[in-house]
Structure formats: structure tokens, C-alpha cells
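Hello! Here is the structure I promised to pass on to you. Have a look at it first, and then read my notes below.

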Amino acid sequence: MNINDNFSKLQESYLFASIAKKVKEHSQTHPDKNIIRLGIGDVTLPLAPAVVNAMQNAVLEMGDMATFRGYGEEQGHSFLRDAVCGYYAKKSVAIESGEVFISDGAKSDIGNILDIFSTDNVVLIPDPVYPVYMDTNTMAGREILFMHGNEGNGFLPLPDKNTKADIIYLCSPNNPTGAVYDKEKLKLWVDYARESDAIILFDSAYEAFVRDESLPTSIYQIEGAKECTIEFCSLSKTAGFTGTRCGYTVVPHGLLRGGASLNELWLRRQTTKFNGVPYIVQRGAEAVFSDEGLAQARAGIDYYMENARIIADALTGLGIWFAGGENSPYIWLKCPDGMSSWGFFDYLLERAGVVGTPGAGFGAGGEGFFRLTAFGSRENVIAATQRMKEL
Ligand code: MLT
């Protein structure tokens, strides 16, 4: 028996698990300290009333023999897939129900989708970025190339004709930097992928936070993207589903490689390894896409974006360089006085009782930077900025 030796190439623990452990240890040695958590992007507002009502009704249906449901379609109930198609139609993107796959969140699908790709593929990953892309490919033993985001390119790396990759990850709005690709820059990626027969895995988990209407909120708003892209999205941040769990992945029918339909491969994978998201959760997710649900979700996003503005104003007042916060719930700041990411993490935790995420956790290119999330309560965000000013 041999274990998968690729696991020995991973960091000892997942970024947010390491932070949680450090914070727990700190709390144990400082039991009276009120720690404010602006680290992991976990929401604080409750589920919207439209979602709660829909889920309560679904619970009642499940408790009645006449309306009870057992297994659903592995791909997701058609009522929810149709609702997702309706949401895309509002973005002027035509998606068919058979192209939508409901899951328990973008993170799972982003990791699981790798089942349909050969481990021989070369992967291109932005740095810094959400650590799941690198960790999941490291587990599978794929060769990973990095493209570097920095202040010079606005943390939006562009294709380089000299780099040959088969699978390209893009995250826009970017986690952690908050940078968003405009249509022209995304078109460069779509053209590059089509010319080289590569596949783009596009993570749009933060699309609902885009305020600038000229910016794309789906890569399918770019001509040709359906021939080269799988898009992942999530209700975690859009509608407070971090604990409820529901996301969706779009695999266009026209996406063909090596004579195979990627949609059919993914369906084959899901029907074998996945039995779908709970019916009650899917009814709640359907309600997010109703007019009432969208308005309520929007109000929650407005609340978080006001938090982002409060953090941004505080940093401006302190003369600290930062990006993000305008079209994303993350503020990406430069650690003051040349501190390292983890050095600033410790300093802020010990001296101010505020938890953020060290930029180095998102890749080598994140060293010297730090991420604060706008998902805290208003009270905590104000208190955290006050503590930072005092410090
Ligand atoms: C983050 O803080 O980057 C996110 O909450 C992680 C996630 O969505 O899995």
C-alpha cells in the first residue's frame, strides 16, 4: 500500500486552517481578549427572509408523504438550474439548463473538476490567488506554472505567448487582491486559450460584488469563451451560504477536447461520485434568484461594501497602500514598515486583537501584503479600524 506521495509536497495545513489554529492558540493564552476576525471570508449577516421562507416550506414538504422527495438529479433540480439560467440571462448570457451543475460550493467543484483532466496537463495559476487551485493540482501531481500579479500589472497577469499551459485558472474579482479583469483583458485570455486549445477554469465567486457596470461578471460575456471555459460560482458570499452550502458550475455543451464533450465527462463524474445538494438547500438557493431574493442579497452586499469603504478610508488616513474594496469584498494592503505578511499577522493579532490573512498564504507573490475581509459585522469593522489607527 502506498499513499499519495504528492501530499508531502503540500504545506502542513490549509491556509485558513493554519490561521484558525493560530488564533485559537492565541485566545487560549489571552482568554480575556476580544479578538476581531477579518481573516477568512466568512459572512456574518443571516440568510435573507426569502431564502428562509423557501427553506421552511421545503422542510414542510419533506415532512409530508404527498410532497416528500428522495434522491434528486445529481446535476441539481431543474427548478434551480432554470433559475441559474435566468440569472445569466440578466447578464445577457444564454445558458441552457443542461449546462448548469449544482454543487455544495465552488471550492468542491474547483477541486473535483480535475478528475476529468489528465494529470499530464500543465497548469497555469496566478500568484497571488485562492490557494485551492495550487493545492488541488499539487495533490494530483500536475506540473504548475505561475503567472505573477503585482502592483505593476494591477495584480492582473496577462497571457504570455511563450508560456504553454493546458489548464488556466482565472479568478475575477480576484481573491485576495480584489482586482477585476475588464472585457479587453479577458478577451486576451479567451483568445490565448482558444489558440492553444487550453481550458480556462474561471472562478467568479465574487461576481455579485462588481459595482462598475463596464466590468464583466461572467467570462461568457466575452465572445468565444464558451469554447474554452468552465465557470464556477457560489452563493456563499452572494447570499450568505457559507454554512448552507450551494454553488453552481457551468460546463457549456460546445466545450469539446480530444473528441470528448467536457459536459458529458463532468456529468459522468458527478453521477458516479455525487448525489446532489439537499432539496431544502436547493429551494433556498432558488429563492436567491427570485426578484425578492436578489433585492435582499443586494442589500447584504451593500452592507459589506460599506464595510469595505470604512476599511479603505481608515487605510487611506493611515497612509497605507491598498487595492480592492471597490468591486470586491477584500482589501489588499501593503504591510507597513516593510513587515512580512506573517510578521504583520502576528503584530496585528498580538497588539490589536485583529485577525487578517497574510498575503504570503496566497502564493509567493503575496509576501509583504495582507488581506482584510469586509464580511465582518459593522460594529467589528469599526472597532478593528479604530484599533489599527490607535496602533
Ligand atoms: C477566503 O477567505 O478566501 C474564502 O472564504 C475561502 C473560501 O471561499 O473557501
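Helix 1 and helix 10 make a right-handed crossing, where right-handed means that the near helix is turned clockwise from the far one by less than a right angle. Before going further, please note that this is a predicted model, in which local features need pLDDT of at least 70, side-chain atom pairs count only at pLDDT 80 or more, and totals for chains, interfaces and linings use all residues. Residues are numbered from 1 along each chain as its sequence is written, and side-chain values use heavy atoms, with hydrogens and water left out.

Helix 1 covers residues 15-29 and helix 10 covers residues 341-352. Helices here are DSSP runs of H or I with at least four residues, strands are runs of E with at least two, and both are numbered from the N terminus. The two helix axes come within 11 Å and cross at roughly 35 degrees; axes are lines fitted to C-alpha atoms over the stretch in contact, and angles run from 0 to 180 degrees between N-to-C directions.

Which residues of the two helices meet? From helix 1 there are L15, I19, K22, V23 and H26, and from helix 10 W342, F345, D346, L349 and E350 (contact means heavy atoms within 4.5 Å). This contact divides into six nonpolar, one polar and three charged residues. Ala, Val, Leu, Ile, Met, Phe, Trp, Tyr, Cys and Pro count as nonpolar, Asp, Glu, Lys and Arg as charged, and the others, Gly among them, as polar.

**Around the ligand**

The ligand is surrounded by F16, I40, G41, Y130, N175, Y206, K237, Y330 and R371, each with a heavy atom within 4 Å of it. Five of these shell residues are nonpolar, two polar and two charged.

A ligand oxygen lies 2.6 Å from a polar backbone atom of G41. For the side chains of N175 and K237, an N or O atom is 2.8 Å from an oxygen of the ligand. The protein covers 85% of the 270 Å² of accessible area that the ligand has on its own (Shrake-Rupley method, 1.4 Å probe).

**Backbone details in the loops**

The peptide bond from D127 to P128 is cis, with omega near 10 degrees, and P128 is in the loop between strand 3 and helix 5. S172 and P173 are also joined by a cis bond, with omega about -5 degrees; P173 is in the loop between strand 5 and helix 6. Finally, F155 is not a glycine, yet its phi is positive, about 60 degrees.

Best wishes, and enjoy exploring!

Note on methods
Polar contact = N/O pair within 3.5 Å; in protein donor to acceptor, adjacent residues only side chain to side chain.
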